[in-house]
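I ask you to look at the sequence and the model on the screen while I go through them.

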Amino acid sequence: MKVVLLGEIKGKGGEGDVVEVAQGYAENYLFPKKLAVAATKGNLKQLEERRNNIAKREAVRIADANKVKETLEGKQITVDVKVGDEGILFGSVTAAMIADAIKDQLGVEVDRKRVELGKPIKVAGAHEVAISLYREIRANVVVLVGITAEEAAAEEAEEAVEAEDEAAEATEEAAE
């Protein structure tokens, strides 16, 4: 069944897109929640008349998403949790906790559903997490779980030294 989307639906499209969906999905979910209308001749004609307004709103959304991306990209946020002896957390860090930490520390409101975590974080350390802002626009933030920024910098320096040592050993072996 062809429908005209009235808003962005993840995995389907954005406002004004004409997409093919299952009839049950359209009738039981999209239509009652006013997320789409049937792609009839009348609705398609109305869509053509609204295309200019939709394009303007789309441009504003993309500009806003890019502005938020500049604010978030590469930033570090800290999530305080209880950590066991070997760096294993008591519980886990969820998308909601990360969204709250971003709001508190960076002053940017992020919907928890936009935090692309995959699976909850259960180990202390620095973890890179993607935030889906709008369609293909994503920002990456570093989430420090159970450690401070100084400890994370020391960890990175330690890893860099180890990598240099391994590279030096590999060149020595190659020379022999």
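**A tyrosine pair and its setting**

I begin with a single side chain: tyrosine 29 has a relative accessibility of 35%, so this residue counts as partly exposed. Please bear in mind throughout that what we are viewing is a predicted model.

Where does tyrosine 29 lie? Tyrosine 29 sits in helix α1, which spans residues 23-30, and tyrosine 25 belongs to that helix as well. The two tyrosines are four residues apart, about one turn of the helix. Tyrosine 25 is likewise partly exposed, because its relative accessible area of 27% falls between the limits of 20% and 50%.

The structure contains one aromatic pair. Why is the pair of tyrosine 25 and tyrosine 29 described as stacked? The ring centres are 5.5 Å apart and the planes meet at 15°, so the pair is stacked; the cut-off for that label is an angle under 30 degrees.

Let me turn to a residue in a strand. Serine 132 is located in strand β8, which covers residues 125-134. Is serine 132 buried or exposed? Its relative accessibility is 6%, and serine 132 therefore counts as buried. Once neighbours within four places in sequence are set aside, serine 132 has contacts with Arg114, Glu116, Ile137 and Arg138.

I now move to the chain as a whole. The protein has nine strands and four helices. Followed along the sequence, these elements give the pattern β-β-α-β-α-β-β-α-β-β-β-β-α.

What of the overall dimensions? The radius of gyration of the protein is 23 Å, whereas a compact globule of 176 residues would have a value near 16 Å. Along the principal axes, the C-alpha atoms fill a box of roughly 75 × 45 × 30 Å.

How much of the protein counts as buried? The share is 28% of the 176 residues; serine 132 counts as buried. The accessible surface amounts to about 11,400 Å², and carbon and sulfur atoms account for 49% of that area. As for contacts between residues at least 6 apart in sequence, 51% of them join residues at least 24 apart.

Thank you for your attention.

How values were computed:
Residues are numbered from 1 along each chain as its sequence is written. This is a predicted model: local features need pLDDT of at least 70, side-chain atom pairs count only at pLDDT 80 or more; totals for chains, interfaces and linings use all residues. Side-chain values use heavy atoms; hydrogens and water are left out. The radius of gyration is taken over C-alpha atoms; the globule rule is 2.2 Å times the number of residues to the power 0.38. Buried means under 20% relative accessible area, exposed over 50%, partly exposed in between (1.4 Å probe, protein chains only). Contact means heavy atoms within 4.5 Å. Accessible areas come from the Shrake-Rupley method with a 1.4 Å probe; for residues, only the protein chains shown count as cover. Rings of Phe, Tyr and Trp (its six-membered ring) pair if their centres lie within 6.5 Å; planes under 30 degrees apart count as stacked, over 60 as edge-to-face and the rest as tilted.
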